[in-house]
Amino acid sequence: VRIGSGNGDITVTGVTSRLDLNTRAGDVAVDKVNGAVRALTKGGNLKFGQINGDLLARTGGGNITLGSLQGHRLEAQTLGGNIDLGVIGSGVVQNDGGNVTLHRCTGSLNIGNGGGDITVDEADGPVTVSTHGGNIRVGSSKGPVVARTGGGNIALSKLAHGADARSGMGRIQAEFLASSVAVQSTLHTGAGDIVVYVKSGV
């Protein structure tokens with residue numbers, strides 16, 4: 001199904017089909033769809049509920065929100081809004097200015113940010129996150145973590161694998177599940193403090 005609009009909003013619910021949605025200035029809302037979704041808007045917001053398929057979401061300046069894309073791939077980009085994600089399979093996320101928040105990723109994850117904060121509550125696979133100036137927080141990760149920020153703080157918790165975390169000026173705090181994981185990690189900051197916790201004595 002292909003739907004286009006000049007300046008109006010697009011809303012689609014309960015469809016079993018591949019969707020190609022495009023609007024110049026309106027918002028896009030999609031929920032309970034079985035099939036891949038491609039949604040583009042130059043200035044509006046993108047809102048997704050439950051999607052059973054791959055998702056490509058791009059907006060020139062609006063927010064992107066997503067409920068569930070479990071087991072599928074996400075590509076999301078906004079030039080200025082916030083990105084708020086629930087559960088995804090694997091994902092590539094780019095935000096040129098706003099914040100990025102993700103509840104859970106079951107596959108590999110790559111997030112780039114021009115200046116806002118990045119928060120990942122839970123990750124099952126490898127994580128690569130970078131922001132030019134914002135803070136980074138990872139609640140737990142079963143895979144390796146690479147974190148970069150030009151000036152913000154980095155907080156990494158419940159790390160089951162090694163981490164490579166670097167900040168230009170901020171504080172780095174890392175919590176490892178074993179000392180054998182901690183020794184595989186690299187933590188560096190240009191000016192801030194570094195604090196390391198090991199939960200077990202292994």
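Nine salt bridges are present in the structure, a salt bridge being a side-chain nitrogen of Lys or Arg within 4 Å of a carboxyl oxygen of Asp or Glu. The structure is a predicted model, in which local features need pLDDT of at least 70 and side-chain atom pairs count only at pLDDT 80 or more, whereas totals for chains, interfaces and linings use all residues. Residues are numbered from 1 along each chain as its sequence is written, and side-chain values use heavy atoms, with hydrogens and water left out.

One of the salt bridges is formed by the side chains of Arg2 and Asp20, at 3.7 Å from N to O. This pair links distant parts of the chain, 18 residues apart, with Arg2 in strand E1 (residues 2–5) and Asp20 in strand E3 (residues 19–23); strands (E, at least two residues) are DSSP runs numbered from the N terminus. Arg2 counts as exposed at 73% relative accessibility, whereas Asp20, at 18%, counts as buried, where buried means under 20% relative accessible area, exposed over 50% and partly exposed in between (1.4 Å probe, protein chains only).

A salt bridge also joins the side chains of Lys142 and Asp124, with an N to O distance of 3.9 Å. Because Lys142 lies in the loop between strand E15 (136–138) and strand E16 (145–149), and Asp124 in the loop between strand E13 (118–123) and strand E14 (127–131), the pair ties together parts that are 18 residues apart in sequence. In a further salt bridge, the side chains of Arg148 and Asp164 meet at 3.2 Å, N to O; here Arg148 in strand E16 and Asp164 in strand E18 (residues 163–167) are 16 residues apart. Arg148 is partly exposed, its relative accessible area being 29%. Through shared partners, salt bridges join Arg104, Glu122, Asp124 and Lys142 into one network.

Apart from neighbours within four places in sequence, Leu74 is in contact (heavy atoms within 4.5 Å) with Leu55, Leu66, Leu69, Leu85, Ile88, Ser90, Gly91, Val92 and Val93.

Val198, located in strand E21 (residues 194–198), counts as partly exposed at 38% relative accessibility.

Conventions
Helices (H or I, at least four residues) and strands (E, at least two) are DSSP runs, numbered from the N terminus.
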